[in-house]
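Subject: Structure for your review

Dear colleague,

Please find below the structure that I am handing over to you. My notes on what was found in it follow directly after.

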Amino acid sequence: MLHSALGLSLLLIAVSSNFAMAIKKEKRAPQTLSRGWGDDITWVQTYEEGLYQAKKSNKPLMVIHHLEDCQYCQALKKTFAENEEIQEMAQNNFIMLNLMHETTDKNLSPDGQYVPRIMFVDPSLTVRADITGRYSNRLYTYEPQDLPFLIDNMKKALRLIQTEL
């Protein structure tokens, strides 16, 4: 009797342990190219792919430089992902890339390699260093409260393409 009770206990422990592990695995969302910036947006994997797609589609490339362990990046990411206007424009009018490392294109860091940093590249593959944020010491950074400014800059990037056609 004691032997069967011990066997049953071990079986219950093994089953509940496997069940708990299955639940943990289920809860974790798969890592996507969005990295939390917008799951409905189509993201390119590399800068080179972004340049190719921008030229091919005649859409501007929006490059977001960020780091996962940066509190400023996390705050911007949250508001960026929750803003419907930004998500809609990013999804329909831009080639989107978010990078957690620097590119070999030094034009994407004209005033330093800080994060978060958002820059635009037009379909002629020109980095638009003239589309800047509101900070003089970090020209291409945006904070959560700067989203209206970022939206204006996204619209500016689109207007520049239309005037060049």
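Two rings of Phe, Tyr or Trp are counted here as an aromatic pair if their centres lie within 6.5 Å. Planes under 30 degrees apart make the pair stacked, those over 60 make it edge-to-face, and the rest are tilted. Please note that this is a predicted model.

**Aromatic pairs**

By that definition, the structure holds 2 aromatic pairs. One of them is formed by Trp-37 and Phe-80, with 5.2 Å from centre to centre and 75° between the planes. The pair is edge-to-face because its angle of 75° falls in the range over 60 degrees. Trp-37 comes from the loop between α1 (2-27) and α2, and Phe-80 from helix α3, so that distant parts of the chain, 43 residues apart, are linked. Both Trp-37 and Phe-80 are buried.

Phe-94 and Phe-120 also form an aromatic pair, in this case a tilted one, with 5.9 Å between the centres and 50° between the planes. Here too the pair links distant parts of the chain: Phe-94 lies in the loop between α4 and β2, and Phe-120 lies in strand β3, 26 residues apart. Phe-94 counts as buried because its relative accessibility is 3%, and Phe-120 counts as buried with a value of 1%.

**Nonpolar cores**

The largest nonpolar core has 23 residues. Among those with the most contacts inside this core are Phe-80, Phe-94 and Phe-120, together with Met-62, Met-96, Leu-150 and Met-154. Two or more residues each are given to the core by β1, α3 (71-82), α4 (84-93), β3 and α5. The largest share, 7 residues, comes from α5. A second, separate core has 15 residues, including Val-44, Leu-108, Tyr-114 and Val-127.

The surroundings of Phe-94 can be listed in detail. Leaving out residues up to four places away in sequence, Phe-94 touches Lys-59, Pro-60, Met-62, Met-89, Phe-120, Met-154, Ala-157 and Leu-158.

Ile-86, in helix α4, counts as buried because its relative accessibility is 0%. With neighbours within four places in sequence set aside, Ile-86 is in contact with Phe-80, Leu-147, Leu-150, Ile-151 and Met-154. Ile-86 and Leu-147 are 61 residues apart in sequence, while their C-alpha atoms are 8.4 Å apart in space.

**Helix α2**

Helix α2 comprises residues 47-57, and its buried residues include Tyr-47, Gly-50, Leu-51 and Ala-54. These four lie on the same side of α2, because they cover an arc of only 100° around the axis. The exposed residues Glu-48, Tyr-52 and Lys-56 are carried on the face turned away from that buried side. The cover over the buried residues of α2 includes β1 (61-65), β2 (95-99) and β3.

Asn-58 is partly exposed, with a relative accessible area of 35%.

**Loops and backbone features**

Arg-35, in the loop between α1 and α2, likewise has a positive phi, near 50°. The relative accessible area of Arg-35 is 22%, so this residue is partly exposed.

The loop between β2 and β3 contains Pro-116, and the peptide bond from Val-115 to Pro-116 is cis, with omega near -10°. Gly-112 also lies in the loop between β2 and β3 and counts as partly exposed at 26% relative accessibility. The C-alpha atoms of Gly-112 and Leu-139 are separated by 9.3 Å, although the two residues are 27 apart along the chain.

**Charged and polar side chains**

Two arginines are placed against tyrosine rings. Arg-117 lies over the face of Tyr-114, at 5.7 Å from the ring centre. The charged end of Arg-138 sits over the ring of Tyr-135, at 5.1 Å from its centre.

Asp-122 lies in the loop between β3 (117-121) and α5 (147-164). Asp-122 counts as buried because its relative accessibility is 5%. Its side chain makes a polar contact of 3.1 Å with the side chain of Arg-128.

With kind regards

Technical notes. Residues numbered from 1 in each chain as written. Predicted model: local features only at pLDDT ≥ 70, side-chain atom pairs only at ≥ 80, totals over all residues. Heavy atoms only, no water. Buried < 20%, exposed > 50% of the residue type's maximum accessible area, 1.4 Å probe, protein only. Polar contact = N/O pair within 3.5 Å; in protein donor to acceptor, adjacent residues only side chain to side chain. Arc of directions from axis to C-beta. Contact = heavy atoms within 4.5 Å. Core = buried A, V, L, I, M, F, W, Y, C linked by side-chain atoms within 4.5 Å. Phe/Tyr/Trp six-rings, centres within 6.5 Å; stacked < 30°, edge-to-face > 60°. Lys NZ or Arg CZ within 6 Å of the ring centre and 35° of its normal.
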